[in-house]
Amino acid sequence: MLAIVIPYFKIDFFEQTLESLSNQTNKKFTVYIGDDASPQDCLWLLKQFESKFNFKYKKFDINYGSKSLVQQWNRCIDFVENEDWVTILGDDDVLSDDFVEQFYKKKHIFEREFNVIRFSVVKIDEAGKTISNVYTNSEIESSKNIILNNKRSSLSEYVFKLSEIRSIGFKDLPLAWWSDVLAVLEFSNFGYIYSINEAIVFVRISRISISGNQSNEVQKEKANYLFFYYLLKYKSQYFSSSEIDFLFEKVSKRFLNNRKKIEMFYSISILYLEKGKFSNLLQFFKKIINSIL
């Protein structure tokens, strides 16, 4: 019933990821490993785990991740067979030994009412050392809280209902930055998600991870803009008037951080007019003038 999908490219921490899967106290899962034409062969490593858990491996001929991580996610998910639930695990992240056990222990509670499940998180560094407290969540929580309350989020901590992934799909944002959060919102229909705090996903922050890499800030900033613009343009019906104002603040800030993006200025201004936010538009103009002065 549970598929663990790993879009593989980097071998640096992959053994720890596989070790955490072999240590699961409940082995009722299948791992689907989609090799993104990686130059780092992992078959020799996978052979060490052949008898420890059920997995299927496929090497793709063309690399997608360098241009679109979401396309790589999607073709890995297409690899899934009969499971109803899917988690997309980073090839450098680690699961606590009871991750699968807790999933099935709580399954009777969430399976009919929720499409998105969330686990607790701890951040780890390149050496596997803990660098954060345990991030826990309310058992039942509005998916919108992630953005409205500026909560942290990472793809590996979620389990999605496969039917929702296939009917809605992940939105392709630069570096897939915010794509996971948008998936949580859309797969839950901007409703509620169920959290399991008893098990932990250890999310690795390293120089070779997107989160830890400081050289991709321009792409991240673009993804920030596209994410909030998408919500305002296409999903505003799910937000109250004050929440829409909050989203406008976010999207406007993207332009104020880079006033050379004139097309962004026009898009935001038109959006203000479309949503009837005339006074907010004037405030937007004032902020631009003040920032110039």
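Modeller: In what follows, Lys and Arg count as positive and Asp and Glu as negative, while His and the chain ends are not counted; the place of a charge is NZ of Lys, CZ of Arg, CG of Asp or CD of Glu. The model is predicted, so to speak of local features requires pLDDT of at least 70 and side-chain atom pairs count only at pLDDT 80 or more, whereas totals for chains, interfaces and linings use all residues. Residues are numbered from 1 along each chain as its sequence is written, and side-chain values use heavy atoms, without hydrogens and water.

Biologist: How far apart do the centres of the positive and negative side chains lie?

Modeller: The chain carries 39 positive and 37 negative side chains. The centres of these two sets are separated by 6 Å.

Biologist: What share of the 293 residues is buried?

Modeller: Buried denotes under 20% relative accessible area (1.4 Å probe, protein chains only). By that criterion, the buried share of the chain is 52%.

Biologist: What span does helix α8 reach from its first C-alpha to its last?

Modeller: Helices are DSSP runs of H or I with at least four residues, numbered from the N terminus. Helix α8 covers residues 217–234, 18 residues in number. The expected span, 1.5 Å times one less than the number of residues, is 26 Å, and the helix lies close to it at 26 Å.

Biologist: Which helices are included in what covers the buried residues of α8?

Modeller: Among the buried residues of α8 are Tyr-225, Phe-228 and Leu-232. Contact means heavy atoms within 4.5 Å. The cover of the buried residues includes α5 (145–148), α7 (179–187), α9 (241–256) and α10 (262–274).

Note on methods
Helix = DSSP H or I, 4+ residues; strand = E, 2+ residues; numbered from the N terminus. Buried < 20%, exposed > 50% of the residue type's maximum accessible area, 1.4 Å probe, protein only.
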